[in-house]
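Work through the two exercises below with the sequence and the model at hand, and check each step of the solutions against the coordinates.

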Amino acid sequence: MKYAYQLKWCFLMLGTLIVGYSYVRLSETNGLNIRNFLTLAVLIVLNVFPSWIVQAYFKQVDLPGSLRNARSAISIIAGIIIALLLNYCCALLVPSNSHMSDSSVFEPTFTDFLRRLITSLFLVMICYNFFNFIYTNNILQKTQLENEHFRQLQLRAQLLSLQQQISPHFLFNSFSILKTIATDPDTKKFVVQLSHVYRYLLNVNERDVTSLEEELSFVRSYLYILHQRFESALDVTIHVPEAYYNYVIPPLSLQLLMENAIKHNSVSIEHPLQMEISIQDNAKLVVKNSLLPRKTPEESTKLGLQNISERYQLLFRKDIEIIKTADTFTVNLPLISHESYYH
């Protein structure tokens, strides 16, 4: 609560008002005794603190759709009513010999009501403007931090991919395949698919999201290269209807999941690694692979899964789902429509 309601700034404002008004009273009366000071402090706290809480509460609460546009007006009116009631309560409860001036004494007149209403409005507007300034400033700072964190995640995802794709091992395999392919058409096709892979890596460098169609096209080119290496030891099926091609996804998500499956499982012709990319319940993109643990397991850093998870959180405020059974490893990625992301 202390963080959500920014109470430290409320206490700072209360201290400033109490000290400032006490100084004014000291100048006017050439003296300010302890009783008057405490009365003043209690009056200010009982009026300002609830007003601050009201403004903070209406910033946090989820109002019905019809009232969201009137959030500010509702919070101001509610703050005025509460401050006005407390103003009268203070005037009634504080002993008459403790009042600092005639303005603190309860008088059941319209003039007295108007004076207290203006006082309450003044205090509420101070709280409203000050809290909104602090709240907006915190949102801007949080957004800047999230943007910076996301840029770092993007760079890390690209680095992970480049480390996996442009490592000496990968390049050695790629060039070996180029040397051993016998016919020119096959060589040309391999080079074309390889160029698609690296063109995609370069094109998504500055993009937060990519369409599922582009990601799948990249994955198919990537799979062609993997199949030249693993042949029938790798069996990947893709069942994604064209109706979902316009959905968006963080770039390289599927590639990182595929590379993760190959890294941690045994891939052999006797026991092919099965992978499937499909749609589930119209709400999830499912990437599933069979579990064939290596005899000498690779050390898992979990950077790939963590990277995908954090990017989904930052971009869409959604979590990925990881399901591991005795036979399969599944990652469910939430489906994000193009319209919901860009609007």
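**Exercise 1.** Determine how helix 7 and helix 8 are oriented to each other.

*Solution.* In this predicted model, local features need pLDDT of at least 70, side-chain atom pairs count only at pLDDT 80 or more, and totals for chains, interfaces and linings use all residues. Residues are numbered from 1 along each chain as its sequence is written, and side-chain values use heavy atoms, with hydrogens and water left out.

Step 1. The axes of helix 7 (residues 184-203) and helix 8 (residues 212-230) come within 9 Å and cross at roughly 135°, where axes are lines fitted to C-alpha atoms over the stretch in contact and angles run from 0 to 180 degrees between N-to-C directions; helices are DSSP runs of H or I with at least four residues, and strands are runs of E with at least two, numbered from the N terminus.

Step 2. Helix 7 and helix 8 are therefore oblique to each other, since angles under 35 degrees count as roughly parallel, over 145 as roughly antiparallel, 65 to 115 as roughly perpendicular and the rest as oblique.

Step 3. The contact (heavy atoms within 4.5 Å) includes F190, L194 and V197 of helix 7 and F218, Y222 and I225 of helix 8.

**Exercise 2.** Identify which element gives the most to the lining of the second largest cavity.

*Solution.* Step 1. The residues that line this second largest cavity are L257, N260, A261, V287, N289, F329 and V331, a cavity being a set of points on a 1 Å grid over the protein atoms alone where a 1.4 Å probe fits but cannot get out, and lining residues having an atom within 4 Å of a point.

Step 2. Helix 9 (253-264), strand 5 (284-290) and strand 7 (328-334) each give two or more residues to this lining, and helix 9 gives the most, with 3 residues.

Key: On a 1 Å grid over the protein atoms alone, a cavity is a set of points where a 1.4 Å probe fits but cannot get out, and a pocket is an open set with protein on both sides within 12 Å along at least five of seven lines; lining residues have an atom within 4 Å of a point.
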